[in-house]
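The questions below concern the structure shown here.

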Amino acid sequence: MPKPHNENVILYYTLFMLSTIEYYNQNANSFSKSTVSVDFSETQQRFLKYLPPKAKILDFGCGAGRDTKSFLEKGFFVDAIDGSEELCKIASAYTGIHVKHMFFQDLNSIEEYDGIWACASLLHLPWDKISSVLKKMSRALKTDGTIYASFKYGSFTGERNGRFFTDLNENQFEELLVCIPELKQKESWVSSDVRPGKENEKWLNVILSK
């Protein structure tokens, strides 16, 4: 997996991360329509089985708010954040809670959450930033807390359809965890995309515990 090694590469990543946020701001309505009604209950249950009743969850990059709303309806307490201001507006209206506009790197909570749900969100970070954000997520978890994260399956890094992506496979994700010994992998699996017409796209899903 390529890693940033000079200022030009770091600037390249930064520009694509900013363009990714702008993509979601400009396409917030169409993105919401394509994702908000997708049935993601099977994956949600694989995550929720590790949490206590009435657990506090952080939806870390909530998009249009599909999963936040589902967790709320199941009786969990949920904080939700996203880097796109337009998606924050849509998710706030959809879920009935205030969705905070915040970037992943700004997470500074300490032992606040029983679970952190990062569905198709960390994949927009460059390789070195994923590990640093995972460390922040670990600090935000209570003891025995649980993280779910998903990435497009593969080894591609760069721009795709106007957004920056870091795709990962099992070995690459295990390499990321080497420098975060406080997080242990409980489950990993490869799934097909649940959106109609995208069934051939594969995803790496991981569940981690602190």
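A charge sits over a ring if NZ of Lys or CZ of Arg is within 6 Å of the ring centre and within 35 degrees of the ring normal. The model is predicted.

Q: What average pLDDT does the protein chain have, and over which residues is the pLDDT below 50?
A: In this predicted model, the chain averages a pLDDT of 92, and 90% of the residues score at least 70. Where pLDDT is low, the predicted coordinates should not be read in detail.

Q: Which strands are at the edges of the open sheet?
A: Seven strands form the sheet, with mixed pairing, in the order β3-β2-β1-β4-β5-β9-β8. An edge strand pairs on one side only. The edges are β3 (100-101) and β8 (184-192).

Q: Which residue in β4 stands opposite Asp 59?
A: Strand β1 (residues 56-60) and strand β4 (residues 113-118) run parallel and are joined by three bridges. The residue of β4 opposite Asp 59 is Trp 117.

Q: What angle does the direction of helix α6 make with that of β5, and what angle does α7 make with β9?
A: Helix α6 (residues 127-140) packs on the sheet and touches β1, β4, β5 (141-152) and β9 (202-209). Helix α7 (residues 170-177) also packs on the sheet, where its contacts are with β5, β8 and β9. The angle is about 150° for α6 with β5, and for α7 with β9 about 30°.

Q: Why does Tyr 24 count as buried while Tyr 23 is partly exposed?
A: The two rings form an edge-to-face aromatic pair, 5.4 Å centre to centre, with 90° between the planes. Buried means under 20% relative accessible area. Tyr 23 is partly exposed because its relative accessible area is 24%, whereas Tyr 24 is buried because its value is 10%.

Q: How many residues apart are Phe 40 and Trp 117?
A: Phe 40 and Trp 117 form an edge-to-face pair, 6.1 Å centre to centre and with 85° between the planes. Both residues are buried. Phe 40 is in the loop between α2 (28-35) and α3 (41-48), and Trp 117 is in strand β4, so the pair links distant parts of the chain.

Q: Over which ring does the charged end of Arg 46 sit?
A: The ring belongs to an aromatic cluster that also holds Phe 40, Phe 47, Phe 71, Trp 117 and Tyr 148. The charged end of Arg 46 is 3.6 Å from the ring centre, under the 6 Å cut-off. The ring is that of Trp 189.

Q: Is Thr 146 buried or exposed?
A: Thr 146 is in strand β5. Leaving aside neighbours within four places in sequence, its contacts include Phe 47, Tyr 50, Asp 114, Ile 116 and Leu 208. With a relative accessible area of 2%, Thr 146 is buried.

Q: Which residue takes a positive phi in the hairpin of β6 and β7?
A: Strand β6 (residues 157-160) and β7 run antiparallel, joined by four bridges, and Gly 158 stands opposite Phe 165 in β7. Arg 163 and Phe 165 point one way from β7 (residues 163-166), Phe 164 and Thr 166 the other way, and all are buried. The hairpin has two residues between the strands, and the positive phi, near 55°, is that of Asn 161.

Definitions and conventions:
Residues numbered from 1 in each chain as written. Predicted model: local features only at pLDDT ≥ 70, side-chain atom pairs only at ≥ 80, totals over all residues. Heavy atoms only, no water. pLDDT = per-residue confidence, 0-100. Pairing = 2+ DSSP bridges. Contact = heavy atoms within 4.5 Å. Axes fitted to C-alpha atoms, helices over the stretch in contact; angles between N-to-C directions. Phe/Tyr/Trp six-rings, centres within 6.5 Å; stacked < 30°, edge-to-face > 60°. Buried < 20%, exposed > 50% of the residue type's maximum accessible area, 1.4 Å probe, protein only.
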